[in-house]
Amino acid sequence: MARSDASTALNRSQGTSTGIWAWGQQPKVRRRALRAFIYLLLILGALLVLVPFAWTISTSLKTEKQTLEFPPTWIPRPVVWENYIIAFTARPFARYYANSLFIAVTSTIGQTLSSALVAFAFARMRFRGRDPLFILVLSTMMIPFHVLIIPRFIIFKELGWLDTFWPLIIPNFFGGAFSIFLLRQYYMTIPLDLDEAAKIDGASHFRIFWNVIMPIAKPALGVVAVFEFLSSWRDFFGPLIYLSSDRHFTVPLGLYTFQTEYFTEWHLFMAASAMAMTVPLLVFFLAQKYFIGGVALMGGGASKG
Amino acid sequence: MTQTALPRPASRFRRLTMHQKEALTAYLFISPWVFGFLFFLLVPLGSTIVLSFYKWDLLRAPRFIGLDNYTKLFRDPLFRQSLSVTIRYGLGRVPLGIITGLATAILLNQRVKFVGMWRVIYYMPVVLPPVAISLLWMWIYNPQYGILNGFLWNVFGIKGPAWLQSTTWVLPSLMVMAVWAAMGRNMLIYLSGLQSISEELYGAAKVDGAGPLRTFFSITLPMLSPIIFFNLITGLIDTFKLFTQAYVMTQGGPRNASLFIYYYLFQNAFQRFKMGYASAMAVVVTLIILAITLSVIRSSKVWVYYEGELSRGDDDNG
């Protein structure tokens, strides 16, 4: 009797989810030790994740002399804030940031709007060939990029688009298979009555899409937008093969070039890296819920097979 | 009628039935994708296959050489090396990614406090640009001044190896870095999977007297198997796409020990301008990826459990 009381109390204190550790019958001490162990592991993991960040910041504030000490130390003596200014001006990083921002914002707008429209047709309109076409959309996700990149490069070369931003931006205006899939799944959860009511009021399909569905689908659009923004911001391969003049470089490409030119000044590279990490981290902190929701949607999509 | 004599598009459109109008509008809506599919996917796909039978350096006119690119490819020791590097790396990296992701997700699923904070911390590396990650880890792995060898020296008195310059250590070093960078994403995917497992299953297991290990292997793992399966496929494909690390950190070295396949393809296409040869390589790599994916899908029937199958079985009774 006493024992079952204890176990229900434990269950309550721990919520109903017992996870894999269904240790409801265990004595209290053992359970406490287990909880402590779980926190210990979590803290250890978090430290392992954070140490590289700390190492970046620590190095970025050191003098060059201090970066070349063995064994390395953590605390910069003296703290050299100027490293950030030197790194930022050693190459035209202001320009790189403007380029990256322009490419990422236009790609995001293109990808989100075009995928939203295409997904709307697949989710809420009737037309011949819809289902086979949608399967075709999904199957394009299986095509590896390797087999496309050479002709794409040649196409953009023939168009005279090498060393411009267009090869990095324009393909996003034709919908991305994954974005279309994600948005379609989300649209499917919106009741069809809304469309019917709007139709009775004489709304066109485009008006239904724009005024009815788009506002409701904001969470899913947010997911698509933040993922596209980041994938554009992080891209290295695209800028590397398409861009050749310095004034067109993006942040990752500029960072790489910086490193190849100054190859031992780690305090400066780390300052430049820390700055390059700021924008994506800021986007992540501001749009956290979209990331969490987005990854859950991906997992959900996966478990639907 | 005069209207039929002068059929303007608008009036013709008006005479269609509602369903036809809807279908036409829908085709208009999906037209961006159709255009993108043709122009950025189907045409390049076909061109790669055609190009793989030609010799072309982008300067002189392409010359048809039949299967020469393929026969050369199968005799190319560097191509074999790059395949071996990529596969060996994948065999380590993918299971490591699954295990670490799953382990952190299970920890976070234990009703711990500050779940939001843990999630943010673990996810942070996922959003970073690969170039910044590569630079950072080159510095961590630096044999003389890096923090890793500093730590080994301070704590164990060991002089650590030159991680990225050693044929033995270069792949494990890159794996550890990749696990650091991707753990948060896998963790979130598994966490959402764990949270969708019904409480009743755990309740039933408890009633049957199953211990934590038994519960894990009989309930948690099978219920997560579709996600593990998804992770396995995307992880394998990612391995074949690995480029930035090889380009920035090692240039495929030392002695081709990190010559990843995509990097080798890049060298042939965009540094040596052997467009035909690189196309043949792209075709072979694509076939390998498809073969791996299909064999994983086939084997998944044995080890992946879909809840849908159960409910379909139940429906038969009703």
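Of the 318 residues of chain B, 40% count as buried; a residue is buried if 20 or more other C-beta atoms, placed from the backbone, lie within 10 Å of its own, exposed if 12 or fewer do, and partly exposed in between. In chain A, buried residues likewise make up 40%, here of 305 residues. This is a predicted model, in which local features need pLDDT of at least 70 and side-chain atom pairs count only at pLDDT 80 or more, while totals for chains, interfaces and linings use all residues. Residues are numbered from 1 along each chain as its sequence is written, and chains are lettered from A and ligands numbered from 1 in the order in which they are written.

Chain B contains 15 helices and two strands, and chain A contains 16 helices and zero strands; helices (H or I, at least four residues) and strands (E, at least two) are DSSP runs numbered from the N terminus. The C-alpha atoms of chain B fill a box of roughly 95 × 70 × 35 Å along the principal axes. The radius of gyration of chain B is 27 Å, whereas a compact globule of 318 residues would have one near 20 Å; this radius is taken over C-alpha atoms, and the globule rule is 2.2 Å times the number of residues to the power 0.38.

The two chains also meet. In total, 89 residues of chain B are in contact with 86 residues of chain A, a contact being a pair of residues whose C-beta atoms, placed from the backbone, lie within 7 Å. On the side of chain B that touches chain A, helix α3 (residues 18–51) gives the most, with 21 residues. That side divides into 63 nonpolar, 19 polar and seven charged residues; Ala, Val, Leu, Ile, Met, Phe, Trp, Tyr, Cys and Pro count as nonpolar, Asp, Glu, Lys and Arg as charged, and the others, Gly among them, as polar.

One helix pair joins the chains as follows. Helix α7 (residues 146–158) of chain A packs against helix α14 (residues 275–303) of chain B at about 155°, with axes 7 Å apart. Therefore α7(A) is roughly antiparallel to α14(B), a word used for angles over 145 degrees. From α7(A), the contact is made by H146(A), V147(A) and I150(A).

The mean pLDDT of chain A is 86; pLDDT is the predictor's confidence in each residue, from 0 to 100. Over residues 1–20 of chain A, however, pLDDT is below 50.

Note on methods:
Axes fitted to C-alpha atoms, helices over the stretch in contact; angles between N-to-C directions. Parallel < 35°, antiparallel > 145°, perpendicular 65-115°, else oblique. Contact = placed C-beta atoms within 7 Å.
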